[in-house]
Amino acid sequence: MPVRRWSPEDLGRPTDGTWADVAFGLGEMYEREGDLKQAADWYRRAAESGRPAAALRLGAVLGRRADAGADDPVSTEDLLAEATRWLSGAQNATTPDAIELITDTLNRQLRQAARRGLEPTPAG
């Protein structure tokens, strides 16, 4: 059987798994490399395509980006809000790992709200 040559256009196309599996694998790869923005993008695609574990990984990565003070125009509040939406809607949100992720995200939101409450208000 002849082997089809790989080309850059093939990136992201499923081979043995589904599209969601490929997207999830790319999310894992970028997360291992420390590129949390790319990891979140791929996990989001996998979650939107129905990969159950992707919603949990996406929530975790978004929380880590919020902790790191993401170096893009997305605010910490927006990252945490999206993380909460994905975590609370995850199919396996009742597992101990999922509950821990949801709790961590809620704690991040509480810390963020407390920091906002400590910021001085402008006079005038």
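Tutor: A polar contact is a pair of N or O atoms within 3.5 Å, where within protein one atom must be able to donate a hydrogen and the other to accept it. Please keep in mind that this is a predicted model.

Student: Which side chain does Asp21 join through a polar contact?
Tutor: The side chain of Asp21 meets that of Arg51 in a polar contact of 2.8 Å.

Student: And where is Asp21 placed?
Tutor: Asp21 belongs to helix H1, which covers residues 19–33. Its relative accessible area is 33%, so Asp21 counts as partly exposed.

Student: Changing topic, how many aromatic pairs does the structure hold?
Tutor: There are 2 aromatic pairs in the structure. In one of them, Phe24 and Tyr43 have ring centres 5.4 Å apart and planes at 55°, so the pair is tilted.

Student: Which parts does that pair tie together?
Tutor: Phe24 is in helix H1 and Tyr43 in helix H2 (residues 36–48), so the pair links parts 19 residues apart in sequence.

Student: Are Phe24 and Tyr43 buried or exposed?
Tutor: Both Phe24 and Tyr43 are buried.

Student: What lies over the face of Trp42?
Tutor: Arg45 does, at 4.2 Å from the ring centre of Trp42.

Conventions
Residues are numbered from 1 along each chain as its sequence is written. This is a predicted model: local features need pLDDT of at least 70, side-chain atom pairs count only at pLDDT 80 or more; totals for chains, interfaces and linings use all residues. Side-chain values use heavy atoms; hydrogens and water are left out. Helices (H or I, at least four residues) and strands (E, at least two) are DSSP runs, numbered from the N terminus. Buried means under 20% relative accessible area, exposed over 50%, partly exposed in between (1.4 Å probe, protein chains only). Rings of Phe, Tyr and Trp (its six-membered ring) pair if their centres lie within 6.5 Å; planes under 30 degrees apart count as stacked, over 60 as edge-to-face and the rest as tilted. A charge sits over a ring if NZ of Lys or CZ of Arg is within 6 Å of the ring centre and within 35 degrees of the ring normal.
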